[in-house]
Amino acid sequence: MSKRAANGGGGEGGGLLERLPNTIINEILGKLELETLCSAACVSRTLRSSASQVLSSLTTLDLSLFSPDVQTLEHILHRCSALKRVTVDCLRLGDSSVCSFLGEQIEELNLLKGSSLSYQVLFSIGRKCPNLRVLVVELAGWDVPKIFTRCFMHLLNRCSYLESLCIKIRGSELDASGFLSSVLSVPNTVKVLKLQPLLIEDAVGFINDLPYGRNALNDFPFYPLSPRFTLQKLSLVVDVISNELIISISNFVPLLVELDLEDRPCSEPQLPKDLTNSGLQRLGSCQHLIALSLLRSKLNCQVSFKAVNDMGMFLLSESCKGLQAVRLGGFSKVSDAGFAAILHSCRNLKKFEVRNASLLSDLAFLNGALPSLVDMKLWSCSLITSESVNELATSSDLEVLDLSGCRSIADSCLGRVTSLHRLTTLNIGGSDITDGGLAIIGRGNSPITHLCLSCCKRVTDKGIALLFRGGGKIREKLWALDVGYIPGISDRAIFTIAEFATSVTELCIRYCYSVTDASLEILASERRFEDGKKLVLRRLDLCSCVGLSVKSYELLKKPFFSGLKWLGVGRTQLTSKGMAIFTQIRKERPWLTLCLGGCEMGCHDGWQFHRADCYQEGLS
């Protein structure tokens with residue numbers, strides 16, 4: 001090896017790199033994803049030096065696409081000395097790891113999935129990050145509520161420049177009264193406020209005590225210029241949404257641009273502590289409102305907004321014609337006429353979502369021209385059929401069409417849907433489509449990147465073959481595919497996906513009982529096919545694939561699945577092998593998150609039940 005090459009540290013390539021100006025190398029490396037950047041640093045001393053310079057100059061770091069462990073986080077962050085905006089998936093981290101990178105320079109901090117973070121981390125944020133502008137924290141609620149109140153109060157008193165504040169407590173659920181005395185100290189600079197959970201009494205009390213309200217407008221005729229009127233976006237999760245809450249919001253936060261309310265009643269709400277038609281009418285006082293979300297969750301019991309009917313929707317549509325995004329869930333007494341009133345009155349509407357509307361049928365979409373929708377979601381609306389979908393497909397701007405749980409949708413509407421040239425997300429999970437419907441999608445021109453077929457019982461291996469051999473755009477564009485809960489999916493379908501769907505990076509095959517080790521082997525191999533491409537998965541959900549044997553755990557080791565970041569193997573025979581093997585795999589692959597529970601893809605809905613100490617022990 002020549003001396004010049006030796007100095008490059010990587011053979012002939014190292015010498016060539018040394019000839020390039022550092023500015024050019026740094027600019028190229030600065031465009032790479034974090035993992036690729038770290039891999040490039042291992043190639044030569046030149047690239048290692050340039051990678052260190054790039055990391056040291058970063059002001060923004062996003063580690064939300066995977067769950068780093070303590071060592072990986074330290075390895076990355078000790079090179080990043082100029083960070084101002086940090087986002088971290090904290091699923092495998094404790095307080096000490098988070099506190100290690102806090103400092104006065106941090107202006108934006110997003111701590112996601114903090115299943116093992118204690119409330120003390122809020123105290124540390126307040127002590128170390130006085131210049132924070134944006135804060136998002138997701139916690140699991142394991143500590144005593146009094147500790148939360150004390151730590152949250154300290155944070156609010158110290159972070160006086162906050163503009164956006166989001167605190168979500170999940171898991172064992174913090175006593176909602178923990179927010180009571182602390183939310184009253186929210187800085188007047190806050191423009192975006194999201195809190196979960198609150199008791200309705202505390203939410204009303206907090207809003208009524210805000211230092212600015214409708215009565216104060218008389219004293220400030222040019223209120224948009226006043227620093228006292230800042231709150232523009234409000235999101236609350238409460239036990240019950242009531243008229244009293246809506247009235248307080250309309251009186252004391254009249255300049256709201258976005259309002260997001262969700263409740264989770266433990267029993268059927270009774271008047272007067274419920275939302276009625278008159279409560280909806282009061283939202284008209286918020287004349288700047290462009291986005292509205294009202295959801296009644298069935299998480300704790302089967303409930304709905306029984307005191308709201310079509311008249312309430314008529315009143316809402318007449319008083320809030322400027323709405324651009326509407327999301328309604330649990331309005332069981334509202335029929336086609338009520339929902340149609342929103343669609344026809346709000347002519348600037350771009351996003352429309354309805355959940356669990358048992359009276360919503362095709363008639364709501366067949367009477368009159370629809371607004372130019374971009375995002376349309378109808379969840380578990382059992383009366384919706386293909387006629388509605390054909391009408392919705394006349395909106396040429398549609399990018400998202402989510403029809404999950406609309407079981408009366410059949411193949412006949414898919415031709416119109418797949419002619420949409422901007423459609424990127426299609427969810428027809430739980431519908432009545434067949435293999436013939438997948439053939440239509442496979443021939444379509446829509447640039448679909450996300451496709452959900454979950455619970456489509458009439459789909460088989462043949463349909464998957466027709467989907468990817470149809471010659472349409474989906475073969476080259478699709479990168480997220482969900483074929484879970486389909487009894488007709490077997491190894492043949494997985495072989496087809498591995499061979500033809502080479503752009504797919506997220507694959508869900510949970511509860512596919514006929515999938516065996518052969519499928520895992522071909523997915524793990526990442527072998528190249530005739531066109532030179534190969535399937536490289538980032539996320540793979542194998543939950544309840546009982547056809548996988550214990551021996552298949554060997555396929556989870558290096559060098560297989562080289563790009564995998566998240567793997568769900570809960571309720572399979574793999575978990576019976578014992579925890580030692582998973583500990584070994586995690587040591588080999590610190591960038592990989594192994595979920596041994598039953599979480600959905602990425603642990604977005606089950607992260608609160610994971611603990612970082614369990615990850616260290618091999619349990620999750």
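Tutor: Happy to! Sorted by class, the lining of the second largest pocket has 13 nonpolar, seven polar and nine charged residues. Here Ala, Val, Leu, Ile, Met, Phe, Trp, Tyr, Cys and Pro are nonpolar, Asp, Glu, Lys and Arg are charged, and the others, Gly among them, are polar. Keep in mind that this is a predicted model, where local features need pLDDT of at least 70 and side-chain atom pairs count only at 80 or more, while totals for chains, interfaces and linings use all residues. Numbering runs from 1 along each chain as its sequence is written, and side-chain values use heavy atoms, without hydrogens or water.

Now the pocket itself (an open set of points on a 1 Å grid over the protein atoms alone, where a 1.4 Å probe fits, with protein on both sides within 12 Å along at least five of seven lines). The second largest pocket has a volume of about 650 Å³, the space filled by probe spheres set on its points, which are joined across faces, edges and corners. In total, 29 residues line this pocket, each having an atom within 4 Å of a point. Nearest its centre are Glu35, Cys38, Ser39, Cys42 and Trp591. Two or more lining residues come from each of helix H4 (34-40), helix H5 (45-57) and helix H6 (70-77). H4 gives the most, with five residues.

Stepping back, the chain contains 25 helices and 20 strands (DSSP runs numbered from the N terminus: H or I of at least four residues, E of at least two).
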